[in-house]
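Please look over the model below. The notes that follow take its strands and helices in turn.

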Amino acid sequence: DDNAATVKIGFSQGMNTDDWRRQLNKSMVIEASLHPEVQLEIKDANNNVQQQVKDIEKFIDRGVDVIIVSPIEAKPLTAVVEKSIKKGIPVIVVDRKIDSEGYTAYIGADNIEVGRIAAKYIVSNSTVNGKIIEITGLKTSSPAYERGLGFSQILKQHPQVKLIATINGNWESGSVKVQLKKLLQNDPDIEFIFAQNDRMALGAWETAKELGLENKIKFVGVDALSTQNGGIELVKKGVLQATILYPTGGNEALRLALKIYNKEPITKNNLLNTIVIDKINAEIIENQLDKVDQQQTVIKQQLDAISVQEQEYASQHSLVRLLTLF
Ligand code: FRU
C-alpha cells in the first residue's frame, strides 16, 4: 500500500544479538502499530558497519520519509547520515551518535550522565580502599566514550577513590575476561568494577568468581533490563551491586519521527531519564517496567485482533459489493 497517506520510516538497527536491542525493536514496532499510517521497516546490520551504511543508502534510495539509526560506530556512519540530510530525509539517531552534529535529532539517555551517576554511586558506597577497574564498551561507539567521560569527571573530584585500570571491551561479556583475569591475578584488592553495560558486568563477575573474588568485589553495570539475566535480576540476586537504567527509547523515537514528518516543532537533543537501581528500588522499578511491557503486549494483541476484524469486514464488504452488481 503505497498511497500518499503512508509514512515510511526506516530504522537501521546495529545488531539483533542482545535483549536491549530486541527490546528497542519491540517497543518501536508496537508504537508503529498504534499509527496505521506508519509503515516501519527495520534493517539489521549484524554488527557490520559497512552493512549499516548500505542499509541506510537503501532507505535513502527508496525515498523513505524519516530514517532512524542506532550507529554501531560513530565515524563510519557520519557521511551517510549527512548525505541523507542533504537529500532532504531527516535522520534521528538513537542511543549511539555519529561524529558530527549533522543529524536531525538525538533520542536516548544522556550517556555522560550515566557515567557520572555510576561514579557518584561508587563514591558514596565505597567503604574499603576505593580501588576501581573500569570496563568500557566499544571505544568507537559514542556511549563508550561518553560514559567514560562522565565517569572520570566525577572520580577526579574524589581522591578517596582511584581508577586502577581501564579495560577496553566491546559491549559483549567475552571481551573482558582474559584481560580482567590478568589484572585481578596481579592485584585482587579491588573494591569496585564498573562495566559500561550489564552483559560485561556479568562477564566480570564470572571472571572474579573463577578467582574466588566475586563476593569481595562490588559490580556496577548499565542497562537494567527486566529480562531473564537482565540487570535488575542480577541486582536482586546480588550479582550486581547496582545498575544504571538505560531506556531504549523505541516508542519515543517513533513518535519523534512522526512529529518530524508532520513538521511539528521538535528539540534536537531528546534526553530520556535514567536512575540508579540497587537492592533498595530494584523490585519497584521491575514492577513498573513489567507493567509497561504487559500493557504494550495487550495493546499489540488488541491491534492484531482489530486488523483481523478489519480484513474480515473488508472481504465481506467486497462480497456485498460484488453481489449488488448482479
Ligand atoms: C546493546 C548495548 C547496550 C548498551 C548500548 C550502548 O547493544 O550494548 O548494552 O547500553 O548498546 O550503545
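In strand E3, Val 69 is the bridge partner of Ser 12. Strands, like helices, are DSSP runs numbered from the N terminus (E, at least two residues, for strands; H or I, at least four, for helices). This is a predicted model: local features need pLDDT of at least 70, side-chain atom pairs count only at pLDDT 80 or more, and totals for chains, interfaces and linings use all residues. Residues are numbered from 1 along each chain as its sequence is written.

E1 (residues 7-13) and E3 (residues 66-69) pair in the parallel sense, over four bridges. Two strands pair if DSSP finds at least two bridges between them. E1 also pairs with E2 (residues 38-44), again in the parallel sense, over seven bridges. There, Ser 12 stands opposite Lys 43. E1 is mostly covered: five of its seven residues are buried. Buried means that 20 or more other C-beta atoms, placed from the backbone, lie within 10 Å of the residue's own.

The open sheet has six strands in the order E2-E1-E3-E4-E5-E11, with parallel pairing. E2 and E11 (269-272) are the edge strands, and each pairs on one side only. Neighbouring strands are turned by 15° against each other on average, direction ignored. Helix H1 (residues 19-33) packs on the sheet and touches E1 and E2. The direction of H1 makes about 165° with that of E2. Angles run from 0 to 180 degrees between N-to-C directions, and axes are lines fitted to C-alpha atoms, for helices over the stretch in contact.

## H2 against H3

H2 (residues 49-62) and H3 (residues 75-86) pack at about 5°, with axes 9 Å apart. The two helices are therefore roughly parallel, a label for angles under 35 degrees. By class, their contact has seven nonpolar, two polar and two charged residues. On the H2 side, Val 49, Gln 52, Val 53, Ile 56, Glu 57 and Ile 60 take part. They meet Pro 76, Leu 77, Val 80, Lys 83 and Ser 84 in H3. Contact means C-beta atoms, placed from the backbone, within 7 Å.

## H7, an enclosed helix

Of the 13 residues of H7, 10 are buried, so the helix is largely enclosed by the rest of the structure. Among the buried residues are Asp 198, Arg 199 and Trp 205. Their cover includes strands E6 (131-136) and E9 (218-223), and helices H6 (177-186) and H8 (231-237). Gly 212 follows H7, with a positive phi near 70°.

Notes:
Angles under 35 degrees count as roughly parallel, over 145 as roughly antiparallel, 65 to 115 as roughly perpendicular and the rest as oblique. Two residues are in contact if their C-beta atoms, placed from the backbone, lie within 7 Å. Ala, Val, Leu, Ile, Met, Phe, Trp, Tyr, Cys and Pro count as nonpolar, Asp, Glu, Lys and Arg as charged, and the others, Gly among them, as polar. A residue is buried if 20 or more other C-beta atoms lie within 10 Å of its own, exposed if 12 or fewer, and partly exposed in between; C-beta atoms are placed from the backbone.
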